[in-house]
Amino acid sequence: MLWFMLATKIVDLATLTGACVVALGPSIAGVFTPNDDLAKELFQASEASGEKFWRMPLEESYWESMKSGVADMVNTGGRQGGAINAALFLKQFVDEKVKVDAR
């Protein structure tokens, strides 16, 4: 019998760094998640560890800048809102049932 587990939570710690540093400086991590329960878990962990987090908006209207006439999507939006665009890009590759956080 083949057993496998599907991910129920994904936390991406490596992506969005440059754009978040521009937005929040070098000492605060930006948190992007549509899931309030996951955000609460992450902020509890940040308090316990002494890490500083700030929840960032997932502004769906920014997705418009990533649409393409010749491809499914472009891999980057405009310069403004770069961290939000990156989070929206990553969101396209994760099943809606999975709790996601990208920092």
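A residue is called exposed when its relative accessible area is over 50% and buried when that area is under 20%, with partly exposed in between. By this rule W54, with a relative accessibility of 54%, counts as exposed. The structure described here is a predicted model.

**W54 in strand β3**

- W54 belongs to strand β3, which covers residues 52–55.
- Although W54 counts as exposed, it touches L24, I28, A29, G30, V31 and F43, leaving aside residues up to four places away in sequence.
- W54 and C20 are 34 residues apart along the chain, and their C-alpha atoms are separated by 10.0 Å.

**Helix α2 and its two faces**

- Helix α2 consists of 14 residues, 36–49; at 1.5 Å a residue it should span 20 Å, and its end C-alpha atoms are 20 Å apart, which agrees.
- The buried residues of α2 are L38, A39, L42 and S46.
- On the face turned away from the buried side, α2 carries the exposed residues D36, D37, K40, E47 and A48.

**The ends of helix α2**

- T33 is located in the loop between β2 (28–31) and α2.
- T33 counts as buried because its relative accessibility is 4%.
- The side chain of T33 reaches the backbone nitrogen of N35 at a distance of 3.1 Å.
- N35 in turn caps the N-terminal end of α2, with a side-chain oxygen 3.0 Å from the backbone nitrogen of D37.
- After α2 comes G50, which has a positive phi, near 85°.

**The largest nonpolar core**

- Nine residues form the largest nonpolar core: C20, F32, M56, W63, M66, A83, I84, A87 and L88.
- Helix α3 (residues 82–91) supplies the largest share of this core, namely four residues.
- I84, one of the core residues, touches F32, P57, L58, E59 and Y62, again not counting residues up to four places away in sequence.

**Salt bridges**

- Side chains of opposite charge can pair when their charged atoms come close.
- The count of salt bridges in this model comes to three.
- One of them joins R55 and D36, whose closest N and O atoms are 2.9 Å apart.
- This pair links distant parts of the chain, since R55 is in strand β3 and D36 in helix α2, 19 residues apart.
- R55 is partly exposed, with a relative accessible area of 30%, whereas D36 is exposed, with a relative accessible area of 54%.
- Another salt bridge is formed by the side chains of K91 and E60, at 2.5 Å from N to O.
- K91 lies in helix α3 and E60 in the loop between β3 and α3, so this pair ties together parts that are 31 residues apart in sequence.
- K91 counts as partly exposed at 33% relative accessibility, and E60 counts as partly exposed at 41%.
- E64 and K67 also form a salt bridge, with their closest N and O atoms 2.9 Å apart.
- E64 counts as exposed at 52% relative accessibility, while K67, at 46%, counts as partly exposed.

How values were computed: Residues numbered from 1 in each chain as written. Predicted model: local features only at pLDDT ≥ 70, side-chain atom pairs only at ≥ 80, totals over all residues. Heavy atoms only, no water. Expected span 1.5 Å × (residues − 1). Buried < 20%, exposed > 50% of the residue type's maximum accessible area, 1.4 Å probe, protein only. Polar contact = N/O pair within 3.5 Å; in protein donor to acceptor, adjacent residues only side chain to side chain. Core = buried A, V, L, I, M, F, W, Y, C linked by side-chain atoms within 4.5 Å. Contact = heavy atoms within 4.5 Å. Salt bridge = Lys/Arg side-chain N within 4 Å of Asp/Glu carboxyl O.
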